[in-house]
Amino acid sequence: MDYISVSQAREASGLRVVLSAGVPGPWGESIKGMLTFKQLDYLPVAQQGGGDNPELLDWTGQTSAPVLVSEDLPPVCHWLDQLMLLERLQPEPALLPADCAQRSSAIGLSALMAGVEGFGWQRRLLMLEPMMQLDPVPEVSQRLASKYGYSESAVRQAPARMLAISEFLAQSLAASGSDYFFGDAPCAADFYWANFAGMIKPLPPELNPMPDWFRPVYTSDRPDILACLPHELEAHRDMMYERHIPTPLDF
């Protein structure tokens with residue numbers, strides 16, 4: 001992906017999207033998938049994953065990705081605010097159902113995946129665990145551990161929390177009677193799951209050409225973690241890439 005710098009982005013116009021350069025972060029990849037679905041053009045802006053990113057901090061008040069900046073609007077850093085901005089910029093095709101009950105359910109499912117203490121959050125804590133056992137602990141790991149509430153007790157609880165979420169997602173998908181979580185078209189929850197599932201079992205290298213050093217971080221052979229990707233949810237992930245998310249991924 002052809003990134004511009006934060007300093008260049010601050011002088012640019014249009015929609016700018018800050019992304020972790022060189023790796024398929026699930027929050028950023030979800031946004032990219034939804035942008036493609038809506039056919040929204042954007043300028044990708046480089047962020048260093050786990051870095052201190054001082055220029056990004058000065059611009060957006062924080063150091064993480066993704067971030068969306070549209071024209072003169074304030075930077076949007078929270079996943080739900082980002083989703084609502086995409087709906088505002090391009091109402092159709094919609095990422096949330098029009099029906100209020102389904103709309104609230106779609107937002108709730110998305111929060112279980114992308115929100116604080118959600119599926120991705122728990123998996124990220126587990127990814128940090130091996131690095132936190134090193135002596136000395138790498139500076140980037142210390143920074144991320146502090147940022148995301150790493151502790152031994154949080155890590156112990158993470159697999160059960162992930163499993164509870166995945167079981168609920170599987171029940172919700174089955175209850176929909178569709179290939180998607182709601183209706184006959186994808187919504188935000190479908191895009192989030194397609195990408196967060198990759199934190200357990202990434203797509204093969206020909207579809208997801210992530211760096212060789214990075215793939216083991218996202219791949220698990222632990223039975224309690226693999227249980228969080230049952231057949232029906234893996235099939236849903238594959239369907240989303242076949243129908244709605246271009247491959248090979250570009251990051």
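How far apart are the end C-alpha atoms of helix 6, and what span should its 14 residues have? The end C-alpha atoms are 20 Å apart, which agrees with the 20 Å that 14 residues should span at 1.5 Å a residue. The expected span here is 1.5 Å times one less than the number of residues in the helix.

Before going on, a word on the model. This is a predicted model, in which local features need pLDDT of at least 70, side-chain atom pairs count only at pLDDT 80 or more, and totals for chains, interfaces and linings use all residues. Residues are numbered from 1 along each chain as its sequence is written, and side-chain values use heavy atoms, with hydrogens and water left out. Helices (H or I, at least four residues) and strands (E, at least two) are DSSP runs, numbered from the N terminus.

**Helix 6 and the cores**

Let us stay with helix 6 for a moment. Ten of its 14 residues are buried, so the helix is mostly covered; buried means under 20% relative accessible area, exposed over 50%, and partly exposed in between, with a 1.4 Å probe and protein chains only. Among the buried residues are Phe119, Trp121, Leu125 and Met127.

A nonpolar core is a set of buried Ala, Val, Leu, Ile, Met, Phe, Trp, Tyr and Cys residues joined through side-chain atoms within 4.5 Å. This largest core has 68 residues, and those with the most contacts inside it are Met34, Tyr192 and Trp193. Its largest share, eight residues, comes from helix 8. Leaving aside residues up to four places away in sequence, Tyr192 touches Ser30, Met34, Trp79, Leu83, Ser110, Met113 and Ala114; a contact here means heavy atoms within 4.5 Å. A second, separate core has nine residues, including Ala9, Val45, Leu56 and Val69. In soluble globular proteins, nonpolar side chains tend to be buried together.

**Strands and backbone details**

Val69 brings us to strand 3 (residues 67-70), where Val67 and Val69 point one way, Leu68 and Ser70 point the other way, and all are buried. In a regular strand the side chains alternate between the two faces of the sheet. Strand 3 runs antiparallel to strand 1, and four bridges join them; two strands pair if DSSP finds at least two bridges between them. Ser70 in strand 3 is the bridge partner of Leu15.

In the loop between helix 3 (54-60) and strand 3 sits Pro66, and the peptide bond from Ala65 to Pro66 is cis, with omega near 5 degrees. In the loop between strand 3 and helix 4 lies Glu71, which has a positive phi near 50 degrees although it is not glycine. Glu71 is partly exposed, at 45% relative accessible area. Another cis peptide bond runs from Asp135 to Pro136, again with omega near 5 degrees, and Pro136 lies in the loop between helix 6 and helix 7.

**Salt bridges**

The model has ten salt bridges, each a side-chain nitrogen of Lys or Arg within 4 Å of a carboxyl oxygen of Asp or Glu. Three of them are listed here.

| Pair | Closest N and O atoms |
|---|---|
| Glu117 and Arg161 | 3.3 Å |
| Arg143 and Glu139 | 3.2 Å |
| Glu234 and Lys201 | 2.7 Å |

Glu117 lies in the loop between helix 5 (100-114) and helix 6 (119-132) and Arg161 in helix 8 (residues 152-176), so this pair ties together parts that are 44 residues apart in sequence. Glu117 is partly exposed at 41%, and Arg161 is partly exposed at 35%. Glu117 also has a positive phi of about 65 degrees, although it is not a glycine.

Arg143 and Glu139 are four residues apart in helix 7 (residues 139-147), separated by about one helical turn. Arg143 is partly exposed at 28%, whereas Glu139 is exposed at 59%.

Lys201, Glu234, Arg237 and Asp238 are linked in a network of salt bridges.

**Cysteines**

The structure holds zero disulfides, a disulfide being a pair of cysteine sulfur atoms within 2.5 Å. The sulfur of Cys100 is 15 Å from the closest cysteine sulfur, in Cys187, too far for a bond. Cys100 is exposed, with a relative accessible area of 62%, while Cys77 is partly exposed at 31%.
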